[in-house]
Amino acid sequence: MATPARSRAISLEINGEQIEMEVPARRLLVHFIRDDLGLTGTHVGCDTGNCGACTVQLDGEPVKSCMMLAVQADGARIATVEGLAPDGDLTALQRAFNEHHALQCGYCTPGMLMSASALLARNPHPTEEEVRYALQGNICRCTGYVNIVEAVVAAGGGGA
Amino acid sequence: MTTSPSNSLLQSTGSTAVETEKPVVLEKGYVGQSIPRREDKRLVQGQGTFFDDVRRHGMGYVHFVRSPYAHARILSIDVSKALELEGVYGTITGDEVAIHTDPFFEMSVEPGGLIKDYALAVGKVRHMGEPVAAVCAATRELARDAAELIEVEYDPLPVLVDAEEALKDEVVLHDDAGSNVVWSGVFDWGDVDEALSEADHVVKIERLHFHRFSSTPLECAGALVEYDRGTGEWTLTCNHQMPGVGAIWMAPALRTGIDKLRFVTHDIGGGFGNKICLHPQYVVLCLMARKLGRPVQWTEWRTDQHTANAHGNERTFLDIEVGVRSDGTMTGFKVRAIDDCGAFPRYEPLGCIIWAQVTPGLYGWRNIRVDFTQVCTNKSPVSPNRGYSRMQHLWLTERIIDIVASQLGFDPVEIRKRNYVKAEQMPYETPNGCVYDSGDYAAALDIALDLIDHGSIEERREEAAARGKLLGFGIGSTLDSGTNNFGQSTLLNPDLQFSGNNEAAAVKLDIFGEVVVTLGTVPQGQGHETTAAQVVADILGCPPEQVNVRRGHDTWFNTHAGFSGTYASQFAFTGLGAVKGATELLRDEMVKLAAFVLQAPEEAIELADGMARIKDGPEEAALPFMALGAIVNANNAFLPPDFNPTLNHRYVCRPYFGMVDKEKKTGQLTLTYATQIHAAVVEIDPETGEVEIVDYAAVDDCGVRINPQIVEGQVHGATAHAIGAALSENFVYDEEGTLLTANFYDYHVPHAMDMPPLKTGAMESPSPVAPLGAKGMGEGGGGGIHCLCAAIQDALRAAGKAIVYDSCNPPHRVWSMLQDPEATRANVEVTSK
């Protein structure tokens, strides 16, 4: 019987940059992003896929990067929080988070931003209800979501 | 010279109701403005630095082997297979811990004081998830694999999960103590027997239960620990929120000097008190780093955090008796409280006294007796959790009010207003010598009632009934007491050498004119960098942008004091008090220096627009801050020998408390009292017991609000924690001591869809004792739990009149109360003259 491969070379695009790397077959995508690529903006808040702190965009869709293996992302296009404002010019969404006090400890914020920016990409003017629905996979323990929802609605111009 | 504008507010003794949506903008001042936070820029770009983001060359990853049993003797631990695995660097077991460290300092008198608490289990495990060994390996995955290879043989013992059962001592957790009781004592103020006998009615409540939950910060605990062999120093890059006290525990256990432990924090992903008792794991990391001669890192897993880090105190209230006059005036109450602190006391038994900061709640009753006992059980240890110990007691006082109101037919608004401490009684001394500094509870309640349109409740109740729903309305009146007097610990153990409180800050003017602020506090999202800059900018007359507030805490800054940290709602007092004190020292020296250089009297100098200048003087009679910084730091030869400005000042804010009276158990246990009045309207589906919040308001009065937007954010967060606790969050154990809610699947915290729209209101009753008139307010006192319990009970009036007896009311409990309301009513008895 053949021994299963313990590692595999993968190739993917992350924040516009092409990466090729040998990764252990068992490594979670989030640990690949954080530990191997050093993109520590993506966080880990649970071990059950509930909290959403690790949310990134995979081919434009928000996904929890703790719920897939790095090798499963082979060939994908990934965006992390570091890719939102590569030159330091904050996006309207990031500015809205600041203006509306939508973050306190900031630990959930990268995941929130990745879920919210994916929402705004497919629905540029979401209502409060649509924002709450889109963010229900992201846990925040500081804000009670009030100002997060307000910020996302504001970034979308205040709803449809 | 510009002075802090909040001083003018300090003069005013009255309260002003203000709209939170339109923050007060004080003339020329930054204090009082909702300045967007400066911390955010890095955090919204993923450029924050949390401890798990920090790496070191050759670093090893630590994983703990944890007990699957709640109570068992450890027969053997075999690490040999783990050590054979390639990439494993080493292990630590309880035997090594027992040799190389001493048990942690215990704060209780006997029997609790006899408990031996080591960094890893020694001989016995006492709760599920208790660490019994640690392994360090080259990767996170390998460390986990290696932990699986460590073989531990256990001999299970009978398990205690019930606090009242634990009192019987038939099974004892700690053989050294010989009893499960950690601490017990009676607090007796006034004359409760007389108060009960002169009352027209006595309401007896057999049992109320405040459940176990915790605020579960999204970032779990952890640290990166490096050991320097040459100096014997450890550096902990970590997320401990109270390093001063952490070091007091750790240094003696490690048999080292306190200065050998350097705590460094950067950004911290929430704390809420849950990051205060990290010393056991940190000691293991210190031993591992020293043993292996390499940096070691540990990041706690979510399931481990829920299972074995820090729960909030669970408390059962028994045999409550309340005296009530026919007009609704409450004369006093007595209660027996059994507090369950889990397997080890750690920060306890402080919870046995912290509640006494708010002994009468918001009410004027003068006769109170509390018979308090704390016990160990085979559950996770506790640690302070947002609202620590006061929340449990305030929930009791609010339950009493609403149960009395329901039994004797009083209106919940009227009975509160009749019994609230009145605005004109402020400052008000409680029966146990605490001083409520300011506030107008009835006025705050009126704002909350307006926000939820209280006048329309009956109409809405009928409308909901027509839809088959039970509508209820409830109030939660609560206090957030801030700035602890650690002398209260001596009411538990007279031999403890703690009293008072302190916090430090340093402020300097650098060579290029930049104002640099170093805090002793350890923020976890409270926005200290922003609010400290606001205070400094006002005092120095410069824009906040010119003020650099360093992120985080570092022991080596030498800007910390014994009680440094961020906990117990005290930054507004001690943290900003230290910032204010240091800045004023700097300001005075800048004025003196400018007067010398400009050859003018000091009174003629003002600091404004980032300059020191002669008031109403010519334009050239001005020195930019840069000139002052450069003179002292780089161009000082012309300064006379007897004038030696440093432009670098450290200040320790040490609030005055006086000493507590150990005999009478009285004293000023804390200094400021922020008020929060919550009001909720709920609808219950009688088919399922599901509770929906349809209207909600929280009114906060924390005196001067340095940054109203940040204050409101804290109100939102505390409310969300309370809503989660009241409706779903519960650490549930089975009879074998297995935690059934060990992760976010089973332990449901509010998500965006769960949170109702929150209305907020604010008042400002400045504190006459706080340096800036501002009170700590972040904990919120559990107002949401109190008001939701009240609202649920009100809703159930129309369907059997059940009495809410537990602080957690998920659908199954509400459904049970609907099915068998008599069972809950049997818990209450009224005797009338």
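A crossing of two helices is termed right-handed if the near helix is turned clockwise from the far one by less than a right angle. In the predicted model examined here, the crossing of helix 2 and helix 3 of chain A is right-handed in this sense. The residues that make this contact are A:Leu93, A:Gln94 and A:Phe97 on the side of helix 2, and A:Thr109, A:Leu113, A:Ala116, A:Ser117 and A:Leu120 on the side of helix 3. Classified by residue type, the contact between the two helices comprises five nonpolar and three polar residues, with no charged residues.

With regard to the overall fold, chain A contains five helices and five strands, which follow one another from the N terminus in the order β-β-α-β-β-β-α-α-α-α. The C-alpha trace of chain A extends over about 60 × 30 × 25 Å along its principal axes, and the radius of gyration of 16 Å agrees with the value near 15 Å that a compact globule of 160 residues would have. Of the 160 residues in chain A, 57% are buried. Among the contacts in chain A between residues at least 6 apart in sequence, 60% join residues that are at least 24 apart.

Notes: Residues are numbered from 1 along each chain as its sequence is written. Chains are lettered from A and ligands numbered from 1 in the order in which they are written. This is a predicted model: local features need pLDDT of at least 70, side-chain atom pairs count only at pLDDT 80 or more; totals for chains, interfaces and linings use all residues. Helices (H or I, at least four residues) and strands (E, at least two) are DSSP runs, numbered from the N terminus. The radius of gyration is taken over C-alpha atoms; the globule rule is 2.2 Å times the number of residues to the power 0.38. A residue is buried if 20 or more other C-beta atoms lie within 10 Å of its own, exposed if 12 or fewer, and partly exposed in between; C-beta atoms are placed from the backbone. Two residues are in contact if their C-beta atoms, placed from the backbone, lie within 7 Å. Ala, Val, Leu, Ile, Met, Phe, Trp, Tyr, Cys and Pro count as nonpolar, Asp, Glu, Lys and Arg as charged, and the others, Gly among them, as polar.
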